[in-house]
Amino acid sequence: MKTAKLVIGIVSMVLFLFIVLQSCAAGMSNALESNGEVSGTAGLIVGSCMLIAAIVGVVTRKGGKGGAFTAGGFYLAGGMIGLICAGSYTDLYIWSTLSLIFGVVFIAGTIISTKKSDK
């Protein structure tokens with residue numbers, strides 16, 4: 001599970017750059033169209049949550065449960081915010097779903113590994 005957390009963390013850090021660049025473009029589009037959507041800002045929040053979760057997950061991948069649950073919480077929170085506020089920025093649905101999957105992997109993997117170590 002340590003390797004999976006490291007890989008997910010690195011992938012999230014790289015995706016952060018794409019998400020933020022797309023979110024800036026979506027936010028600019030929303031501002032120019034004056035459509036009242038907040039999808040660009042939601043994308044920035046999703047990207048920030050993914051970056052924070054990635055850093056926490058990579059740093060605490062060998063430690064206890066707290067770091068993995070914190071990283072999973074950030075992934076889940078960012079994913080939910082993105083799904084709720086995506087609007088016309090349709091790529092945000094993809095990034096938000098991926099964030100939710102990463103959060104579930106972090107939390108479920110930690111629960112499973114602690115149950116195995118208790119036996």
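Rings of Phe, Tyr and Trp (for Trp, its six-membered ring) form a pair if their centres lie within 6.5 Å, with planes under 30 degrees apart counted as stacked, over 60 as edge-to-face and the rest as tilted. In this predicted model, ring pairs join Tyr75, Phe102 and Phe106 into a cluster. The protein chain has 4 helices and 0 strands, where helices (H or I, at least four residues) and strands (E, at least two) are DSSP runs numbered from the N terminus.

**Basis of the values**

- Local features require pLDDT of at least 70 and side-chain atom pairs pLDDT 80 or more, whereas totals for chains, interfaces and linings use all residues of the predicted model.
- Residues are numbered from 1 along each chain as its sequence is written, and side-chain values use heavy atoms, with hydrogens and water left out.

**Overall architecture**

- From the N terminus on, the elements of the protein chain follow the order α-α-α-α.
- Taken along the principal axes, the box filled by the C-alpha atoms is roughly 60 × 20 × 15 Å.
- Of the 119 residues in the protein chain, 36% are buried; buried means under 20% relative accessible area, exposed over 50%, and partly exposed in between (1.4 Å probe, protein chains only).
- Among contacts (heavy atoms within 4.5 Å) with a separation of 6 or more, 71% are between residues 24 or more positions apart.

**Surface and charge**

- The protein chain exposes about 6,300 Å², of which carbon and sulfur atoms supply 73%; the areas come from the Shrake-Rupley method with a 1.4 Å probe, and for residues only the protein chains shown count as cover.
- The mean positions of the 8 positive and 4 negative charges lie 28 Å apart.
- Lys and Arg count as positive and Asp and Glu as negative, while His and the chain ends are not counted; each charge is placed at NZ of Lys, CZ of Arg, CG of Asp or CD of Glu.

- The structure contains 2 aromatic pairs.
- The ring centres of Tyr75 and Phe102 are 5.6 Å apart and their planes stand at 75 degrees, so this pair is edge-to-face.
- Tyr75 belongs to helix H3 (residues 65-85) and Phe102 to helix H4 (residues 91-118), so that the pair links distant parts of the chain, 27 residues apart.
- Tyr75 also pairs with Phe106 in a tilted arrangement, 5.5 Å centre to centre with 45 degrees between the planes.
- Because Tyr75 is in helix H3 and Phe106 in helix H4, this second pair ties together parts 31 residues apart in sequence.
- Tyr75 and Phe102 are both buried; the relative accessible area is 0% for Tyr75 and 0% for Phe106.

**Ile107 in helix H4**

- Ile107 lies in helix H4 and is partly exposed, with a relative accessible area of 21%.
- Residues up to four places away in sequence aside, Ile107 touches Phe69, Gly72, Gly73 and Leu76.
- Ile107 and Ala71 are 36 residues apart in sequence, with a C-alpha to C-alpha distance of 8.4 Å.

- Asn30 is part of helix H1 (residues 2-33) and counts as buried at 7% relative accessibility.
- A polar contact of 2.9 Å connects the side chains of Asn30 and Ser39; such a contact is a pair of N or O atoms within 3.5 Å, and within protein one must be able to donate a hydrogen and the other to accept it, with residues adjacent in sequence counting only if both atoms are side-chain atoms.
- Beyond its neighbours within four places in sequence, Asn30 is in contact with residues including Asn35, Glu37 and Ser88.
- Ser34 sits in the loop between H1 and helix H2 (39-59) and counts as exposed at 63% relative accessibility.
- Although Ser34 is not a glycine, its phi is positive, at about 50 degrees.
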